[in-house]
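Thanks for coming. I will take a few minutes on one structure, and it goes up on the screen now.

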Amino acid sequence: MLIGKKLKSLLLGFLIVVLAFSPIVGQNNFSTANASEEVTTNQLNESASLSEKLQEILSDKRLNGAIAGVSVRNEMGEELFEQYGDIRLHPASNMKLLTSAAALATLGEDYKFTTEILTDGRLAGKVLHGNVYMKGKGDPTLLKEDLDQLASELKAQGIHKIKGNLIGDDSWYDDVRLSMDLNWNDEPYYTGAQVSALTISPNEDYDSGTVIVEVSPSKKPGETAQVTLSPETDYVTIINKTKMVPAGQAKSISIEREHGSNNIVIQGTMPLNGTNSRSWVAVWEPTMYAIDVFKKSLEENGIKLIGNSKVEAGVTPPDAKILTSRKSIELKDLLIPFMKLSNNGLGETLTKEMGKVVHDKGSWKEGLQVIHQVTTDLGVKGDTILLRDGSGMSHKTLIPATEFTKMLNNAKEESWFSSFKKSLPIAGEPDRLVGGTLRTRMTQEPTKGNVTAKTGSITGVTSLSGYVSSKDGEKLVFSIMINNYLGSSLTSIEDAIATVLAKHEFDE
């Protein structure tokens, strides 16, 4: 009896060894990636089917414990491949695809934002007796030079002095500054800047509601480093705790805004030969930031506030008359920095603007209703998505990959599609306003200049969705969303999938 059991055990062990070293009938000769390796398309059998190639990439051990939703469609809308395509996942900045499509469909390619300068007073000689209102209507492209131009136009009308208050009016939108799911530790940075109908950007990236803080070396050890602001403003307070150290020592500079205030604390060491440190810092309450910079523009143009004039926030009276105004660039041009550079603030501003235009309320709630409606009009199942903001910063927004590819495919039939596609990052193109967030990825043929897609990244989430042509000219739409991963970036998996699509030849 005991001998029989031992014999059975020996035979079973022998069988396991034989099976381990025997090929499985019909199995393709693929090599599974180790956890420490990155999948490359050179590992794949070129004669394999598209599904087999993609499944091999998705067997990467770095995806253990994560979930990768993938969908690929041809130009007829047929789904050629899907893995967990119907599972709702967080899209990160792929959410901007929905926001930009909705903005084009709702506002139009030529839409412009407006900023108005009004008064309830009258001009007597060179003195304007009455209040001056700066009424913002959401323009996120307003720069210091635009405010200079507005001030110059007031001067050209004969205004040299204002005997009244300078009032910033942001009532075009509601007063909720931050989207509902924004993490508290994102709030001081440009990625989480506050949204106001009256705001200003420091440069043509249009990170509205931020100021650029630059730290540069002083001349002597022991001094504090030099700090400059762009644009110059008294609205923020610089607390300089830096120290200059001898050349060759390490640079260690931190730039942080205190929560709930505009105190910007700069700490650390700067060597005499150190390079500049620069940070885009989100201001607290951007309405008053914009009006402070406009006050400087007035003063630089020789226009003074006199008497007991104050600078404050308020609402423009309905009978106030327009003195001058300024229009933004067109929406189709604004989408370039929005999508190429993945500008979160622009996504949230567009969301509120759609709410204002369609429902006469510039809020996230009304704006998201518009995005939801346009998205469903583009073929997405409205009852399987959850939209929480316009930028993708939310960890609660949910949409399946297969719904993304439906939307992207159907968008090709819309009159605004050329502007939509032009706004997407293009793989391997070095110009930051062409390649955008894909400028350093997939830099070789056949992906360079071929993969046109939106990237996305928040903690535990990476995504890539867009368009690519296969080797034999098939125009494909794809969506990749990887959620719940730990460790380093998994963009190489996304790139490998896009590369397979670009290299693949379909059977006749």
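I start with the largest cavity, where H7 gives the largest share of the lining, three residues. Keep in mind that this is a predicted model.

That cavity holds about 90 Å³ of space. Its lining is made up of 16 residues, and Leu-182, Thr-191, Gly-192, Ala-193 and Glu-348 are the ones nearest the centre. By class, seven of the lining residues are nonpolar, six polar and three charged. In total, the count gives two cavities of 30 Å³ or more.

Next, the largest pocket. Its space comes to about 570 Å³. There are 27 lining residues, with Tyr-190, Thr-191, Leu-341, Ser-342 and Thr-437 nearest the centre. Which elements give two or more residues to this lining? They are helix H7, residues 344-359, strand E20, residues 452-458, and helix H11, residues 491-503. The largest share is from E20, with five residues. Sorted by class, the pocket lining has 14 polar, seven charged and six nonpolar residues.

Last, a pair of helices. H3 covers residues 95-106 and H8 covers residues 364-377; their axes come within 9 Å and cross at roughly 90°. H3 and H8 are therefore roughly perpendicular to each other. On the H3 side, the contact is made by Met-95, Leu-98, Thr-99, Ala-101, Ala-102, Ala-105 and Thr-106. On the H8 side, it is made by Val-370, Ile-371, Val-374 and Thr-375. This contact of H3 with H8 has eight nonpolar residues, three polar and no charged ones.

That is what I have. Questions are welcome.

Definitions and conventions: Residues are numbered from 1 along each chain as its sequence is written. This is a predicted model: local features need pLDDT of at least 70, side-chain atom pairs count only at pLDDT 80 or more; totals for chains, interfaces and linings use all residues. Side-chain values use heavy atoms; hydrogens and water are left out. Axes are lines fitted to C-alpha atoms, for helices over the stretch in contact, and angles run from 0 to 180 degrees between N-to-C directions. Helices (H or I, at least four residues) and strands (E, at least two) are DSSP runs, numbered from the N terminus. Angles under 35 degrees count as roughly parallel, over 145 as roughly antiparallel, 65 to 115 as roughly perpendicular and the rest as oblique. Contact means heavy atoms within 4.5 Å. Ala, Val, Leu, Ile, Met, Phe, Trp, Tyr, Cys and Pro count as nonpolar, Asp, Glu, Lys and Arg as charged, and the others, Gly among them, as polar. On a 1 Å grid over the protein atoms alone, a cavity is a set of points where a 1.4 Å probe fits but cannot get out, and a pocket is an open set with protein on both sides within 12 Å along at least five of seven lines; lining residues have an atom within 4 Å of a point. Grid points are joined across faces, edges and corners, and a volume is the space filled by probe spheres set on the points.
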